[in-house]
Structure formats: C-alpha cells, structure tokens
Amino acid sequence: MIVTVTVNPSLDRLVALGGPLHRGAVQRAVGAAADPGGKGVNVSRVVHAAGEGTVAVVPSDQGDPLLVGLARLGVPAIPVPVGHEVRSNITVAEPDGTTTKLNAPGAPLPPEVLGSLEDVIVSAADGAAWLALCGSLPPGVPDDWYAGLAQRLGSRPDGPLLAVDTSGAALAASAVPGVALLKPNAEELAELAGLGAEAGAGLESHAAAGDLGPARAAADDLHRRTGATVLATLGAAGALLVGREGAWVAVPPAVTVRSTVGAGDSSLAGYLIAHTRGATPPERLSLAVAYGAAAAALPGTQAPRPEELAVADVRVTAL
C-alpha cells in the first residue's frame with residue numbers, strides 16, 4: 001500500500017489553446033478539463049491506474065469537487081474536513097507543449113484541523129509500505145511540518161518508508177535523517193545545494209549535454225547529509241538516482257511534450273511502484289523515467305497507464 005498526503009490539494013483546471021498565449025488578449029480555448037490534483041493526489045492516481053493499492057489523504061469536505069473527481073476515477077481517499085472548498089489551479093497549455101501554471105495559495109488550516117490531519121495520516125500509514133508527503137504547505141503551516149511527521153512516524157519500528165516531494169523552505173526543512181526518499185527537481189536540487197534555485201536550469205542543461213558532474217555533486221551531497229535516496233528529475237535530460245547502492249542516470253525516450261504538469265509526480269509514483277514490486281534501483285529509476293515521459297506526452301494532469309509506458313526505450317547508465 002502506498003499512502004499519499006496532499007496538504008494543499010487542488011482542482012486542476014486545464015485550458016488548451018490553439019496557438020501561442022498572448023498576454024492581454026482575448027483567446028478562445030480549443031479544450032478544457034478539470035481534474036483532482038495536488039502532488040500526492042497525482043501520485044495516487046498513477047499508482048491506482050497501475051493496479052497497486054493506494055489511498056490519498058486530503059484535507060477536504062464531503063462533496064468537494066476534488067473528492068467527486070477522485071471517486072469518479074475510483075481512487076480511494078480519506079478526507080479531513082476543513083470547512084471550505086479546495087483551491088483551483090489553472091494550467092494554460094500551448095500547442096508546442098509550453099505550459100503556464102497559475103496556482104492559488106490555498107486557505108490556512110486551523111490548528112485543530114492540522115492536528116486531526118496528523119492523526120489521520122498516522123492511522124492511514126499503519127501497515128503501509130510507503131508514505132509520500134507531497135506538495136506545498138498551505139499558509140500558516142510551519143515549514144518543518146513534514147519533518148515533524150517524519151520524526152513522529154520514524155519512532156515506530158513498523159512504520160512506512162517516507163518519501164518527501166515538496167519545494168522551498170519546506171523541502172529544506174525536510175532534508176533530515178529518517179526520510180527514505182527525497183525527490184527534488186533540478187531547481188530544488190540546486191537550491192538545496194546552496195547554488196540558488198536559478199542554477200537549476202544550468203544543472204538541466206549540463207545534464208542534457210552529457211555533463212552530469214554538477215547534478216551528481218549536488219545529489220551526492222544531499223544523500224550524504226540526510227542518508228536519503230535522492231531521485232532528482234532533470235526535465236528532458238531524464239533523472240538521477242543516488243543512494244547507498246550506487247548512482248545511476250536514466251535518459252527518457254523521445255516524446256512529443258503536451259504538458260509537463262504532473263510529470264515529476266508520475267516519476268515519483270513510478271519509483272514507488274517499482275520499489276513495492278521488489279525492483280532493483282536501476283529498475284526503479286527506469287520505471288520512474290518512463291512514467292515521467294508518458295505523463296509529459298499527455299494533456300493536463302492525466303495519469304499515465306501502464307500500456308502508455310515505453311520502459312524498454314529508457315536508457316539507464318551506472319555512474
């Protein structure tokens with residue numbers, strides 16, 4: 001069982017354009033959709049589509065469009081009442097694959113709701129193989145909230161393995177012993193390495209040119225400091241996996257990019273799926289990259305299905 005937590009879930013609204021986005025102009029969309037979203041929700045959707053057990057813990061009220069969408073997809077969810085609808089995020093997709101995201105901040109969670117959420121998470125994680133703590137934190141939630149959960153669950157000998165996929169101060173605070181897997185993208189990896197988030201594009205471009213030195217050094221440093229396995233997604237350059245067993249890089253198959261939204265979440269899901277099936281580290285990385293590439297080829301935040309994967313076309317190299 002893979003349990004996901006999305007503290008700041010969303011209803012993801014996609015607006016597909018027939019041409020380039022023009023600021024200040026009125027443009028007609030050629031397509032639109034609304035899907036349950038948020039990083040952990042996306043992970044659960046992919047895991048469910050793969051036929052593996054999952055449950056998504058989401059702060060939301062009964063009848064919320066988010067829960068209605070999850071029920072329609074058949075994805076099990078445990079809601080924690082909050083007294084308001086979840087936020088809406090808007091993605092504008094252009095024909096060349098360029099995506100512009102407008103993410104609402106989300107509403108603050110009162111202390112009593114946050115306490116209930118923590119209790120529900122601990123209960124849901126009982127007996128799970130993985131607990132994935134995903135996404136941004138709503139306003140007012142302490143940056144170290146994920147780290148506090150990791151400490152609370154880490155004291156249980158039968159507790160799940162913990163994966164964290166977040167950004168900014170919450171990610172920095174979560175880079176602590178007790179977390180089994182960290183999944184930064186290039187920007188987040190650069191920030192954690194003290195290079196500044198703006199250096200992330202450089203890590204990607206170096207990796208795309210065959211120079212993995214900067215990304216590898218940053219991932220090695222993060223692994224040494226935390227003991228966590230690092231799954232660093234590097235956009236079109238693929239992904240890097242660094243852990244106790246070694247280090248590998250995987251290059252994705254060529255795809256026509258339609259939307260990069262949710263690609264990193266799909267990569268995390270692929271890794272967790274492979275791990276629960278007993279796969280080796282390079283096999284986990286291969287499935288992670290195959291899922292990320294498949295997600296990028298789909299519009300909006302659709303969850304890739306197993307038949308849409310090109311695992312055999314992923315090239316994995318030991319470093």
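Predicted model: local features only at pLDDT ≥ 70, side-chain atom pairs only at ≥ 80, totals over all residues.
Reader: Is Ser-44 buried or exposed?
Author: Start with its place: Ser-44 is part of helix α1, residues 39-49. Its relative accessibility is 0%. Buried means under 20%. So Ser-44 counts as buried.

Reader: Which side chain makes a polar contact with that of Ser-44?
Author: Look at what Ser-44 touches, leaving out residues up to four places away in sequence: Thr-4, Thr-54, Val-55, Ala-56 and Val-75. One of these is joined to Ser-44 by a side-chain polar contact of 2.7 Å. The partner is Thr-4.

Reader: How do α1 and α9 lie relative to each other?
Author: Helix α9 covers residues 263-276. The axes of α1 and α9 come within 8 Å and cross at roughly 50 degrees. Roughly parallel would need an angle under 35 degrees, and roughly perpendicular starts at 65. The two helices are therefore oblique.

Reader: What is the handedness of the crossing of α1 and α9?
Author: On the α1 side, the contact uses Lys-39, Asn-42, Val-43, Val-46 and Val-47. On the α9 side are Asp-265, Ser-266, Leu-268, Ala-269, Leu-272 and Ile-273. As α1 passes α9, the crossing is right-handed.

Reader: How many nonpolar residues are in the contact of α1 with α9?
Author: Val-43 of α1 and Leu-268 of α9 are among the residues that meet. Sort the contact by class. Two residues are polar and two are charged. The nonpolar count is seven.

Reader: Where does Val-80 lie, and is Val-80 buried or exposed?
Author: Val-80 belongs to strand β5, residues 77-80. Among its contacts beyond four places in sequence are Val-58, Pro-59, Val-113 and Leu-117.

Reader: What distance separates the C-alpha atoms of Val-80 and Thr-100?
Author: Along the chain, Val-80 and Thr-100 are 20 residues apart. The separation is 30 Å.

Reader: How are α3 and α4 oriented to each other?
Author: Helix α3 runs over residues 111-124 and helix α4 over residues 145-154. Their axes come within 11 Å and cross at roughly 40 degrees. Under 35 degrees would count as roughly parallel. α3 and α4 are therefore oblique.

Reader: How many charged residues are in the contact of α3 with α4?
Author: From α3 come Leu-114, Leu-117, Glu-118, Asp-119, Ile-121 and Val-122. From α4 come Trp-145, Leu-149, Arg-152 and Leu-153. This contact has seven nonpolar and no polar residues. The charged ones number three.

Reader: What accessibility class does Gly-168 fall into?
Author: Gly-168 is in helix α5, residues 168-174. Its relative accessible area is 28%. Buried requires under 20% and exposed over 50%. Gly-168 is therefore partly exposed.

Reader: How far apart in space are Gly-168 and His-48?
Author: In sequence, 120 residues separate Gly-168 and His-48. The spatial value goes from C-alpha to C-alpha. That distance is 28 Å.

How values were computed
Residues numbered from 1 in each chain as written. Heavy atoms only, no water. Axes fitted to C-alpha atoms, helices over the stretch in contact; angles between N-to-C directions. Helix = DSSP H or I, 4+ residues; strand = E, 2+ residues; numbered from the N terminus. Parallel < 35°, antiparallel > 145°, perpendicular 65-115°, else oblique. Contact = heavy atoms within 4.5 Å. Nonpolar A, V, L, I, M, F, W, Y, C, P; charged D, E, K, R; others polar. Buried < 20%, exposed > 50% of the residue type's maximum accessible area, 1.4 Å probe, protein only. Polar contact = N/O pair within 3.5 Å; in protein donor to acceptor, adjacent residues only side chain to side chain. Left-handed = near helix turned anticlockwise from the far one by under 90°.
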